[in-house]
Amino acid sequence: MDFFAILLGMVLVNNFVLVQFLGLCPFMGVSNQTSSALGMGAATTFVLTLASLCCYLVDHWVLVPLHIPFLRTICFIVVIAAVVQFAKLFIEKFSPLLYRVLGVYLPLITTNCAVLGLCLQNANKTMSFFQAGVYGLGAGLGFSLVLVCFSAMRERLIHADAPRAFKGPALAMVTAGLMSLAFMGFAGLV
Amino acid sequence: MQFLDDVSMWQLIHNSPWLSSLIALGGLCFVSGLLLGFAALRFRVEGSPLVAQIDAILPQTQCGQCGHPGCRPYAEAIATGEAINRCPPGGQATIDALAHLLGLEPLPLDAEHGVASAIKTVAYIRESECIGCTKCIQACPVDAILGAAKLMHTVIASECTGCDLCVEPCPVDCIEMRPLTPPVQVWSWPAPSHTHLIASDRAL
């Protein structure tokens, strides 16, 4: 598979949030404002790409040669936690505003199941180091795309004249479901 | 004494899942720790030293009369440009110190946020009148009032900062502010009332 096909596949066809239903916590949590959604998307893309590459290296250089693939989950968690902590220090230094906006959701990228899910999926496929990076980038871009679209919709939905029972999270859930339906339409594209 | 050469060492690790697991996980954690330690030093963020300096000047009564929930938030607000004359417990001395630190003109105390009293006071609860409503306990920013619901309350005088916040909520008006009488250990002669101590003072 070439670069573009992987990217398109991860962004649209196998979108982590709307097709595979991974990483729903930040999807609902940080989608109140488009600006913070953009920041969260960028941070998650960074972590996904880096974690995908690191986990690939750990898997191919340590776990497979030592015949201990059963340690994948715990080793990947260690790697992801380290990468997220690194990203947190990095963002705190270079963008204090983004750091304050993301708040608790930044450390929570550690427990974002999209990251671990991506690494475990990658470990079960045969791919090169470069491809692992593209998978991570594609997953991150897909996550960001969906998060930004969803937050833009939610910003408008706040002012919508909805029945009281539907206001807030209920309307957000319905919207997310409809978005998911729309993304299912990309199935078979790649 | 038998030495293990490199190959047999590798064989040993290779054949024992326990050993290889321990080495892999331990090594991974060690490398991650090194990376994070390096990042923590490389990307260290110094908190604004100005806020800490302002906070050190403020009286730490946490009374909230400036409109902020405590002294630290007020220090942060001053650092971003808020007026320095909103602290009644600190009085003129605090304003002068802040003006000196920040290079601003010393202003008189903003009367909107309360008046400074020349003598230190502490709250005193007339215990025979107290009905035990706990409203003053909730108002106290420094937890200097002791008591429970429907039981008499009392003020821990050494903890009280004299911020007046408990006087207002009392439904039976049994709290009054009493001037603090210094204990004999720290008592000193009161300062002379007139300010012209020496001849050159008069010229100012």
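Me: Hi! What is chain A built from, helices or strands?

Reply: Helices: chain A has 8 of them and 0 strands. Along the sequence the pattern reads α-α-α-α-α-α-α-α. Do keep in mind that this is a predicted model.

Me: Let's zoom in on H3 and H4 of chain A. How do their axes cross?

Reply: Helix H3 of chain A covers residues 34–63 and helix H4 of chain A covers residues 72–94; their axes come within 9 Å and cross at roughly 140°. That angle makes H3(A) oblique to H4(A).

Me: Why oblique and not roughly antiparallel?

Reply: Because roughly antiparallel needs an angle over 145 degrees, and this pair crosses at roughly 140°.

Me: Got it. Is that crossing left-handed or right-handed?

Reply: H3(A) and H4(A) make a right-handed crossing.

Me: Which residues meet there?

Reply: From H3(A) the list includes A:Phe46, A:Leu50, A:Cys54, A:Cys55 and A:Asp59. On the H4(A) side, A:Arg72, A:Cys75, A:Phe76, A:Val79 and A:Ile80 are among them. By class, the contact between H3(A) and H4(A) has 17 nonpolar, no polar and 2 charged residues.

Me: Changing topic: how many residues of chain A are in contact with chain B?

Reply: On the chain A side there are 17, in contact with 15 residues of chain B. H3 and H4 of chain A each supply at least two residues to that side.

Me: Which helix gives the most?

Reply: H4(A) does, with 11 residues on the side of chain A that touches chain B.

Me: Last one: where does A:Val190 lie?

Reply: A:Val190 is in the segment after helix H8 (169–184) of chain A.

Me: What does A:Val190 touch?

Reply: Leaving out residues up to four places away in sequence, A:Val190 touches A:Ala5, A:Leu8, A:Gly9 and A:Val13. A:Val190 and A:Leu8 are 182 residues apart along the chain, yet their C-alpha atoms are separated by 7.5 Å.

Me: Why does A:Val190 count as partly exposed?

Reply: Because A:Val190 has 15 other C-beta atoms within 10 Å, while a buried residue needs 20 or more and an exposed one has 12 or fewer.

Note on methods:
Residues numbered from 1 in each chain as written. Chains lettered and ligands numbered in written order. Predicted model: local features only at pLDDT ≥ 70, side-chain atom pairs only at ≥ 80, totals over all residues. Axes fitted to C-alpha atoms, helices over the stretch in contact; angles between N-to-C directions. Helix = DSSP H or I, 4+ residues; strand = E, 2+ residues; numbered from the N terminus. Parallel < 35°, antiparallel > 145°, perpendicular 65-115°, else oblique. Left-handed = near helix turned anticlockwise from the far one by under 90°. Contact = placed C-beta atoms within 7 Å. Nonpolar A, V, L, I, M, F, W, Y, C, P; charged D, E, K, R; others polar.
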